[in-house]
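Could you load this model in your viewer and follow along? We will go from one selection to the next, with a short note on what to look for at each stop.

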Amino acid sequence: MPEPRARVVIVGAGFGGLEAAKALRRVEADVIVIDRQNHHCFQPLLYQVATAALSPADVAWPIRHILRDQANTTVLMETVEGIDTAGRRLRTNFGEVPYDYLVIATGAMHSYFGHDEWSDAAPGLKRIDDATRIRRSILIAFEQAEAMAEPAEQCRLLTFVIIGGGATGVEMAGAIAEIARQTLAADFRRIDPRTARIVLVEAGPRLLPTFPPELSDYAHKALERAGVEIKTKTYVTNCDRHGVDTDGGRIEACTLIWAAGVIASPAAQWLGVEADRAGRVQVGPDLSVPGHPEIFVIGDTAMVLDSGGRPVPGIAPAAKQMGKHVGKQIATRIAGGAGDAPFRYMHLGDLATIGRRAAVVKFGRLQLRGFLGWAFWSVVHIYFLIGLRNRFVVAFTWAWDYLTFQRGARLIVEPDRPPPEP
């Protein structure tokens, strides 16, 4: 009888998980991709769904469709509940899945620094559901303000607070300012959307701390020109449905958006290993778990150091590089090789858009800002989208929005009911 083929299980169909699966497409192995969602989401553009510039279908694709040409790959929509490392079995809500090699690429979720009760008042932005929830909150705030006669309540409804001054926070603040100052400016009769107050709160001394100071300063000034109120060196002490408390005072607001931190998925708990403060699993040079060479952890779930001893950032290019590396290592082992080559991260650059015709880019020694930065940012994001149709649709949508100041996805929809339990 022929020997059974190796069984590779990949948990998570984000950037890292998909790259690992693609690297195994020609390997004599059975590849199983497991994700609790049926789609892959292009997270860098989620904020554009949240601010009505794009629809969810523009930034998400069915996992089965992406991997449809890989005959050795099966996709399962399941939720992981634990891992039996001794028996090499993955426990899910539909039963157990045996593996010879396991790749954990489950990403990260919002971190409220020990205050999970803030999540209802200040949603984060990691999934399509998060984006549509935030979009609904933003648009409803304007609608309710139009119907409200009390000036103080109108003011609260038209106050938007973004907590966190990283790339997501900066992009959200710029996009909401554009909605208020341009997109909705002529759509209402009883309120003036241009009077909306957009507040960006950052605990650190400057915005975009991973960028050079001169680019952070440019982003700060560009947001202020767009009408965003920026509060650096300001700590949040409480969030509720009526506003946010900071060490500098209370801000009454209807809409709060959390962009201040993330924590890794519970992979460390599944594996029974120690995690760092962000919940990430400490992995070896080849991205395998110490003591378990058959298990790899990648992306936001892994604590990985670059050649300079600095943590590899939790961004899409890093996850993709890790996924490709692990896929190649597993393929080498299946072919009889050692498959323990160390991972080497190559940082490709940092990008953040601030709004219409404004972005900052650091690409090696090259630094761009303003319109050139925005054009570069747009081309890069269109290039990394999956599928020709999506690239065309997004490029056309951005061009139309740029010429007309309109956003075509301004629909308020009720949240879906949860599916029945299996």
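The tour below moves from confidence to the core, then to a sheet, a helix and the cysteines.

**Confidence colouring.** Start by colouring the chain by pLDDT, since this is a predicted model. The chain average is 91, and 95% of the residues reach at least 70. Now select residues 417-422, where the pLDDT falls below 50. Leaving aside near neighbours in sequence, this stretch makes two contacts in the model.

**The nonpolar core.** Next, show the side chains of Phe142, Met172 and Ile198. These three have the most contacts inside the largest nonpolar core, a set of 114 residues. Which helix gives this core its largest share? Select residues 167-183: this is helix H7, and it supplies eight residues.

Stay with Met172 and display what surrounds it. Not counting residues up to four places away in sequence, Met172 touches Tyr47, Ala50 and Thr51, along with Leu125, Ile134, Ile138, Ile162 and Ile257. There is also a second, separate core of 15 residues; to find it, pick Ala121, Val161, Ile251 and Leu256, which are among its members. As background for both stops, nonpolar side chains in soluble globular proteins tend to be buried together.

**The six-stranded sheet.** Switch to a cartoon view and trace the strands in the order E5-E2-E1-E9-E21-E20. They form an open sheet with mixed pairing. Strand E5 (73-77) and strand E20 (288-289) are the edges: each has a single partner strand, so one side of each has no neighbour in the sheet.

Zoom in on strand E1 (residues 6-11) and strand E2 (residues 29-35), which pair in the parallel sense over six bridges.

**The cysteines.** Finally, select the cysteine sulfurs. With a cut-off of 2.5 Å between sulfur atoms, the count of disulfides is zero. Take Cys254: it is in no disulfide, and the nearest cysteine sulfur, belonging to Cys155, lies 12 Å away. Is Cys254 buried or partly exposed? At 25% relative accessibility, Cys254 counts as partly exposed, whereas Cys41, at 13%, counts as buried.

Note on methods
Residues are numbered from 1 along each chain as its sequence is written. This is a predicted model: local features need pLDDT of at least 70, side-chain atom pairs count only at pLDDT 80 or more; totals for chains, interfaces and linings use all residues. Side-chain values use heavy atoms; hydrogens and water are left out. Buried means under 20% relative accessible area, exposed over 50%, partly exposed in between (1.4 Å probe, protein chains only). pLDDT is the predictor's confidence in each residue, from 0 to 100. Contact means heavy atoms within 4.5 Å. A nonpolar core is a set of buried Ala, Val, Leu, Ile, Met, Phe, Trp, Tyr and Cys residues joined through side-chain atoms within 4.5 Å. Helices (H or I, at least four residues) and strands (E, at least two) are DSSP runs, numbered from the N terminus. Two strands pair if DSSP finds at least two bridges between them.
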